[in-house]
Amino acid sequence: MDSATKDEMQPSLPPGSSCPGPEWPEQERAEQLARGAALKWASGIFYRPEQLARLGQYRSREVQRTCSLEARIKSVVQSYLEGVKTGVWQLAQASEAVQGAREALGQAHGLLQGMAETTQTLKPLREQVAQHKQLRVLSQLLPRLWAVPAAVAHTQTLIDAQRLLEAYVCLRELEQLQEETWAPLEGLELPVFEGLGPLAEALGRAVETVAGAAGQLAREDPALLVAAVRVAEVDAGYMASLELAPRDWRQRCLQALQEGLERTHFGTPLLPEPGALAGWLEALRVALPAELALAEALVAPCCPPHYKVVQLWAHTLHSGLRRCLQQLLEGPGLGAADAFTLLHWALHVYLGPEMMGSLELGPEADVSQLEPLLTLENIEQLEATFVAQTQANVTQWLQRALDGEVAEWNREQEPGTDSSGFYHSPMPAIVLQILEENIRVTSLVSESLQQRVHGMALSELGTFLRRSAKALTHIQPLALLLGQPKGDLSELDTLGGKGIFKTGSWVSLSFSDALIRFSRDHTSGEATAPHYVPYLLATLNHQSALSSSVSGLQPEGAASGALAPVGTALDELQRRICRLVLEALLAELQPLFAALPSRRWLSSPELLDDVCERTARFCQEFRRVRDPAAQLLLAEAERMVVLQYLRALMQGRLVCRGAHERTQVAERLQHDAAQLRELFLGLGLEESVQCAPVLLALRDLLNLRDPMLLGLEVAGLRQKFPDVSEDHISALLDLRGDVSREQRLAALSSLQAGPQPSPSAGRRALFSLVPAPTPALSSCLPSGPCA
């Protein structure tokens, strides 16, 4: 390359530039930084004068460095320019080659157009050649084609005769002949082969029909079953080897096996009549294991191993049974017996050793992979159905037992007794047997069902004992009724007005309501019972029998507090019976207490003798009642007599005229307390629970000689009986007849100023249950309740 060419190739420098290339901002900044660095370096080197002597050395060194850099730059530029020259030359050569190829392609295109025109003239000849080839093939296959209709008819005959293997061989020969004519005729479909499709479908249906009756054929004609299975298997392999579309005869065969098995056992819709479900399940219990044994012994040897016949049988029977039970549960509601039978069968019998849990059933069945026969929702539905219908039945049975018991309350005969002489009736045993049997039988199904039935049984027992909430809330406590002898009858009238009772007929009642109705009819005279009190005492024995036996209804593992509501209902029933019994006693004693206290009472013990005689005669019946109810009755009867005695004293019927009469009253109180104590001791009541000692405390108050000491005596009385009030003290002071207003106020002041009595859990209410006449305002303390 000469110098002129080099000069031409070098780029021109713009004015004011010190280096080639455009004026870029980055380039200018780099140049400025370089100049600044050089100036800084030079100023540092030549700052001191002695450094100027070495200026020549620095200059020659920089000249050499500059020359070296220029030489390297020139070498790089020269190499770059040579590469560019070589590339330009190669591009020129390639352009010439492309131009030559373009010309050659144009010539070839012209030649091809000429050949296409020539080919069009040979098209009729080509068609004639193809027709000639087809005619030659047809002429060669003509004898075989003439035999196709007869072969199709023969194959159909074989299919009808269930000679399936021979029919399949004939079908294969016909299909092979069709394939031989397919390629030479270039896909032309001959009319003679139109019957092959229906023929293959007929053979497939025949195989499917035979497979559907596998269970029966395995016993009667296993060869036919083997032939059908072999046809399905051979066809599956043949179609796969030729890469043809499969006819799915194997799948249809397996499906037919399943459908036939389901049709045999679950073909008809299951809508059993009430009670017929148990027979159907029992038939399945026998039939399904027999079917599995048949599959393992006879059907499995007729089929290939990969069919897994035993597993197929087990899963098919399970799925069919599961679907059938689902349909059953979606239909009309089952009865309690059918729901229980189905739950027990599905949860225990079906999975038990007699069926799917049998040791004779090999691992081929793979029953561990089976879905639950009943879902959790199904089990919940059946349990709810059973509990609801059982509850309705239990309600009817308990009502019948109560109706039978109530029907005997108006009999002319006394209640029956047991071997120990206690009043006895079969009703408690019947009630407990009804509930216990329903709880016990559910343990055969599941713990959850037993718990639900247990809760239902306790609920029904509570309802049986006290169905009417109004009857419980409208009856006053026993102690209040003792002060209001007609209160219970008025409450019974109220209950009758609210629709709980119907006059002249028994309606659906609880045991407690029936007792109220019985008492109401007797006391009102509407239906007087000849043996009213004995039958009340008999019902108290019923309550005791239920209380002592109700714990037997508690299954193992049940919550300990489940019996609390029933215990509360039994306690309320016991209090109600005691109240009714004591009301009958009160009705006999009230006329006698109307004469107390009186002058006759002071002079003669006859009045209290009559009270004790009637009380003893009445309480003799208590020996027919079992303890502890008998002791409770005696204690309440003794307290009722004492309360009536106190009530009579508080009425102000007697005022002592002097010390002699006060002494007589004190002696009478002591005598009466001893007489009552001996009476109830003789009846069997312990002295520690008697209330008669209150009469001795009143005797001390009335027998006090000095009225100035009344405050001490009143304070002592308050310590023994915390429920005594100012009204009671005033009534007792009125009975003394010698207490002035100042002494009365002083005594009442000591009642308030004295120490408060200590609480005691064993004290029983006495004075708070005795009404006292309101004293005159002059006898009240300014801060007292009567002021």
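This is a predicted model: local features need pLDDT of at least 70, side-chain atom pairs count only at pLDDT 80 or more; totals for chains, interfaces and linings use all residues.
Biologist: Why is V77 called partly exposed?

Modeller: The relative accessible area of V77 is 40%. Buried means under 20% and exposed means over 50%, with partly exposed in between, so V77, at 40%, is partly exposed. V77 is located in helix α3 (residues 55-146).

Biologist: What makes V77 part of a surface patch, and which residues make that patch?

Modeller: Patches are made of residues with over 30% relative accessible area, and V77 has 40%. Together with L69 and I73, V77 makes a nonpolar surface patch of about 260 Å².

Biologist: Why is Q162 called partly exposed, and where is Q162 placed?

Modeller: Q162 has a relative accessible area of 43%. Q162 is found in the loop between α4 (148-160) and α5 (164-182). Its phi is near 60°, a positive value in a residue other than glycine.

Biologist: Why does K308 count as exposed?

Modeller: The relative accessibility of K308 is 53%. Exposed means over 50%, so K308 counts as exposed. K308 sits in the loop between α10 and α11. The phi of K308 is near 50°, again positive in a residue other than glycine.

Biologist: Which residues of helix α10 are buried, and what covers them?

Modeller: In α10 (residues 277-299), the buried residues include L277, W280, L281, L284 and L288; E291, L292, L294, A295 and V299 are buried as well. Buried means under 20% relative accessible area. Their cover includes α7 (214-220), α9 (249-266), α11 (309-330) and α12 (336-349).

Biologist: What is W313 in contact with, leaving aside its neighbours within four places in sequence?

Modeller: Contact means heavy atoms within 4.5 Å. On that basis W313 is in contact with A214, L257, L261, E291, L292, A295 and V299. Among these, E291, L292, A295 and V299 are buried residues of helix α10.

Biologist: Which members of the largest nonpolar core touch the most other members, and which helix gives the largest share?

Modeller: Of the 196 residues in that core, W313, L321 and L465 touch the most other members. Helix α21 (residues 564-593) provides the largest share of this core, with 15 residues. In soluble globular proteins, nonpolar side chains tend to be buried together.

Biologist: Which peptide bond is cis, and where does P628 lie?

Modeller: The bond from D627 to P628 is cis, with omega near 5°. P628 lies in the loop between α23 (606-619) and α24 (629-649).

Methods:
Residues are numbered from 1 along each chain as its sequence is written. Side-chain values use heavy atoms; hydrogens and water are left out. Patches are made of residues with over 30% relative accessible area and no salt bridge: like charges are joined within 9 Å, nonpolar side chains (Val, Leu, Ile, Met, Phe, Trp, Tyr) within 5 Å. Accessible areas come from the Shrake-Rupley method with a 1.4 Å probe; for residues, only the protein chains shown count as cover. A salt bridge is a side-chain nitrogen of Lys or Arg within 4 Å of a carboxyl oxygen of Asp or Glu. Helices (H or I, at least four residues) and strands (E, at least two) are DSSP runs, numbered from the N terminus. Buried means under 20% relative accessible area, exposed over 50%, partly exposed in between (1.4 Å probe, protein chains only). A nonpolar core is a set of buried Ala, Val, Leu, Ile, Met, Phe, Trp, Tyr and Cys residues joined through side-chain atoms within 4.5 Å.
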